[in-house]
Amino acid sequence: MKKTAFNAIHHILGAKMVEYSGYEMPVQYKGINYEHETVRNNVGVFDVSHMGEISVKGKGSLELIQKITSNDASKLTPGKVQYSCMPNDTGGIIDDLLVYKISKNDYLLVVNASNIQKDFDWIKSCNSFGAEVSNISDSVSLLAVQGPKSVEVLQKLTDINVREMDSYTFTIGELAHIPNALISATGYTGELGFEIYVENKYAAHLWDAIFEAGKNEGIEPVGLAARDTLRLEMGYCLYGNDIDDFTSPLEAGLGWVTKFTKDFIHSGFLKIQKEKGTTKKLVGFEIKGKGIPRHHYEVLDENNQIIGSVTSGTMSPTLKKAIGMGYVSIENAKIGSEIFVNIRNRPVKAVIVKTPFIK
Amino acid sequence: MLVPKSLYYTENHLWLRKIGLYDFCIGITDFAQKEIGEIHLVEFSKQINEQVNILTKGDSYGAIYGINKTFELIAPCDCKIMEINPNIMIKPSHINTDPYNCWLVILSIDITADKLLTYEDYIQITNDF
């Protein structure tokens, strides 16, 4: 099992560790609810170094990125980040990712841990443009600092004006005396927050500096379990649960990052799918009875007919309600429609609601 | 991890306290509550609530819901449910703080205690986990 540069720190802090995408990662420290609320109210720090980083540089880099991703990377200027999808050639999604434009002909793609090798192989196989593609995942450490007080904490550590940073922008500079830290105004929690990329050798120093700076702001480490409840309250997709090689970006509600102003892999098929409409759709729902939905549970209509399946489910720590997302047939996908989730062989009433689940 | 020596255990992380010749209180171990995380809901199967209380080994008779995990309650052997602890459904999070005093049901079982795991057997299982 692979370990991030923060592994020893997690053990010292007494985190419950689990295997996740081939890495030993902290699932929780003091408790899911506590960590979740810390991020919603104060500031929490996540080790997300398991995420993959693929560098695409040189001549042909934009052409390659335009071919493999569904969003329009030509709109990026240096210092901007874009959420995007990597469609496959059968109408599914290889991965969802962030595209960072560092400078002309220098891009960084941030991908899901479970897909690093798959993505890297795919990108290389599509590279008929002569771009330099390298997998730098093992040399990069990544911390997400998320929550309303994250900006206060980070501002103590850098001269860069992080208060003024717009969402989905980044800057490279000194933070806690670490040179060339990439500070990105992004995250996966719905809160104000940042993601900080540094070389592995600075990882422990970065952790210590952030926690020292944040002690008056109630800073706490946060594990993967609360990361999941936070992202699900926002209705954000998780690769492997809500999207995968067999779901199309349009079915998943990712039409907003699927731009037909350019050609990309399988864009012709997706364009037809957009014109004709999809047969199923990813929706959010709230459980009205007892029970908590889980990945793979069946979704039924009032006649007990299967109309879809759950992709993610949890007990929302903010709403104190069981919530979930899942694919249902398009005729059952309207907001307000009543559905039933088969929780342990018992159909439990649920209603389709708009996402995000919290405002 | 807390594992009292005086109890019996099953491979699927249940503890049993002998309270009569064939009767046992049953609950989940400290290991199991830690795996589940913060417990939100304990639910017993509809059949049990409707007084059909004979279970065959492997039958599911309910579930314990954590925020992100559901723990299925499986009958460790052929048994009869004698009583359900009503308090556990009022404040299920008690299981997180005191797993060995939060009994779920009283079972009457048709096997002797030597078919169940001892403290030493169970420690071995959790070490292997």
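Biologist: Why is A:Phe264 called buried?

Modeller: This is a predicted model. In it, A:Phe264 has a relative accessible area of 7%. Buried means under 20%, so A:Phe264 is buried.

Biologist: What makes A:Phe260 partly exposed?

Modeller: A:Phe260 has a relative accessible area of 22%. Partly exposed lies between the 20% limit for buried and the 50% limit for exposed, so A:Phe260 counts as partly exposed.

Biologist: The structure holds 10 aromatic pairs over all chains. Why is the pair of A:Phe6 and A:Trp207 called tilted?

Modeller: The ring centres of A:Phe6 and A:Trp207 are 5.6 Å apart, with 45 degrees between the planes. A pair needs centres within 6.5 Å, and planes under 30 degrees apart would be stacked, over 60 edge-to-face.

Biologist: What makes it a link between distant parts of the chain?

Modeller: A:Phe6 is in the loop between strand S1 (2-3) and helix H1 (7-12) of chain A, while A:Trp207 is in helix H6 (residues 203-213) of chain A, 201 residues apart. Both A:Phe6 and A:Trp207 are buried. Together with A:Phe211 they form one aromatic cluster.

Biologist: Why is the pair of A:Phe260 and A:Phe264 called stacked?

Modeller: The ring centres of A:Phe260 and A:Phe264 lie 6.1 Å apart, and the planes are at 25 degrees. Stacked requires planes under 30 degrees apart, so the pair is stacked.

Biologist: How do you know that A:Lys280 lies over the face of A:Tyr327?

Modeller: A:Lys280 is at 4.9 Å from the ring centre of A:Tyr327. The limit is 6 Å, with a further condition of within 35 degrees of the ring normal. A:Lys280 is accordingly listed as over the face of A:Tyr327.

Biologist: Why is helix H7 of chain A described as largely enclosed?

Modeller: Helix H7 covers residues 224-233, and nine of its 10 residues are buried, so the rest of the structure largely encloses the helix. Among the buried residues are A:Leu224, A:Arg227 and A:Leu232. The cover includes helix H2 (32-41), strand S17 (306-316) and strand S18 (321-329) of chain A.

Biologist: How do you know that strand S10 of chain A is covered on both faces?

Modeller: A:Val140, A:Leu142, A:Ala144 and A:Gln146 are buried on one side, and A:Ser141, A:Leu143 and A:Val145 on the other. In a regular strand, side chains alternate between the two faces of the sheet.

Notes: Residues are numbered from 1 along each chain as its sequence is written. Chains are lettered from A and ligands numbered from 1 in the order in which they are written. This is a predicted model: local features need pLDDT of at least 70, side-chain atom pairs count only at pLDDT 80 or more; totals for chains, interfaces and linings use all residues. Side-chain values use heavy atoms; hydrogens and water are left out. Buried means under 20% relative accessible area, exposed over 50%, partly exposed in between (1.4 Å probe, protein chains only). Helices (H or I, at least four residues) and strands (E, at least two) are DSSP runs, numbered from the N terminus. Contact means heavy atoms within 4.5 Å. Rings of Phe, Tyr and Trp (its six-membered ring) pair if their centres lie within 6.5 Å; planes under 30 degrees apart count as stacked, over 60 as edge-to-face and the rest as tilted.
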